[in-house]
Amino acid sequence: MGRFNKNKKKNVPAVNTAALPDIIFMLLFFFMVATTMKEVDMKVDVKKHGASEAVAIEDKDHVDFVYVGYPLDAAEGTEPRIQLDDQLALDYTQVAPWKQTKLREGLAIYELVTSLKVHEDVGMRIVSNIKEQLRSIDAVKINYSAEKR
Amino acid sequence: MARRQIEEINAGSMADIAFLLLIFFLVTTTMEVDAGISRDLPYKRDLPPDYVPPEIHNRDILVIMANSRDELLVEDKPMLLENLEAKVKAFYMDNSSGFDVNPEMPLWDVVTGQICQQKIQEFTTAIELEKDVKVKGYLKDDLDKWEKRKATFETIGAYKEISGAAVIQLKNQSNTSYGLYIDIQNILKKVVNDLRDEKCRELGWGEYRDLDVKEDTDKINVLKVLVPERIIEAKIEI
């Protein structure tokens, strides 16, 4: 008859955590949908300028990014520098060879977009040099990165 | 036969796995959306040494100059950034009636099917006769422009278009800030988008910004012909 005996001591029932994974998964899916992968570790500070006509870049697979800004590492000086992938470029003449390594199967170089992410205080000389580099290899599609306002 | 009770799977560690995934995504992703203004640079052209550039009329070119102190000079007159939009709009639209209303702004031409046909014929024969591969390519670009005009004519009939020579020239100096440059590019884009939007509504196609890049290519091409975007950039001198 012990089977029906009630314990004298009353235990606090364990909190039911069965729904916990569901909640976490929900959060997970939210972040998967709402965010995008980081492309690179930033070596330069880029403060983007706002523009009302900026349009979101649709297919990121065809886009390469050139960053121009002030180095985050003080040892690199205070002059604006160009960042290609994960490294600071020595000067702008590296842009064209770099872009040529970015060719993709079945796409001509003039179909690939180069997005310029430039700090708003940087002078136009460096930007103009980069554009001239890209033009010299027919990589003519440019996107001036700006904050959508 | 007695049914055996299937033991419940222990889902206690499921939450841990989900947490792990969640943290991975938190670390490797950003919320930031990449947006920007798209432009096509002009192709580099090797012009033959005997090339004579076409005569450019003052009225066909709008010069926007930004100096190292971020001041604007439009057609050699100082201008505030907030007045630039009206000026660019005037450049496009002042003579849109087809009459010479404002002698400082570009004229508009009437494009008919006959003109398109004639030009396409001219360029096709020119391409056939041309031997230099490069020049052939340039001629093909010109032919392409007339093919697009013809397509526009076929969609909406004879139409008026801003002079083919009309162009906006941007001039910068070494220390012109990129922020100001973006502001100028944004204004140029805004004027063009607004005008295309106007045309788009006139034609009963709804809003220009709502057109789908993939599905409404024909409509977008027509609007691009009606409101062309021609920007040239001068070399930075100082």
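Student: Before we start, how are residues and chains labelled?
Tutor: Residues count from 1 along each chain as written, and chains are lettered from A, with ligands numbered from 1, in the order written. As this is a predicted model, local features need pLDDT of at least 70 and side-chain atom pairs 80 or more, while totals for chains, interfaces and linings use all residues; side-chain values use heavy atoms, leaving out hydrogens and water.

Student: How many residues of chain B are in contact with chain A?
Tutor: 49 residues of chain B touch 53 residues of chain A, where contact means heavy atoms within 4.5 Å.

Student: And what area is buried between them?
Tutor: About 4600 Å², with 61% from carbon and sulfur atoms. Buried area is the accessible area (1.4 Å probe) lost on putting two parts together, summed over both.

Student: Which three residues of chain B supply more of its buried area than any other three?
Tutor: D34(B), L41(B) and Y178(B), with 18% of what chain B buries against chain A.

Student: What does the side chain of D34(B) meet in a salt bridge?
Tutor: The side chain of K117(A), at 2.6 Å, N to O. A salt bridge here is a side-chain nitrogen of Lys or Arg within 4 Å of a carboxyl oxygen of Asp or Glu.

Student: How many salt bridges cross the interface?
Tutor: The rule finds three between chain B and chain A.
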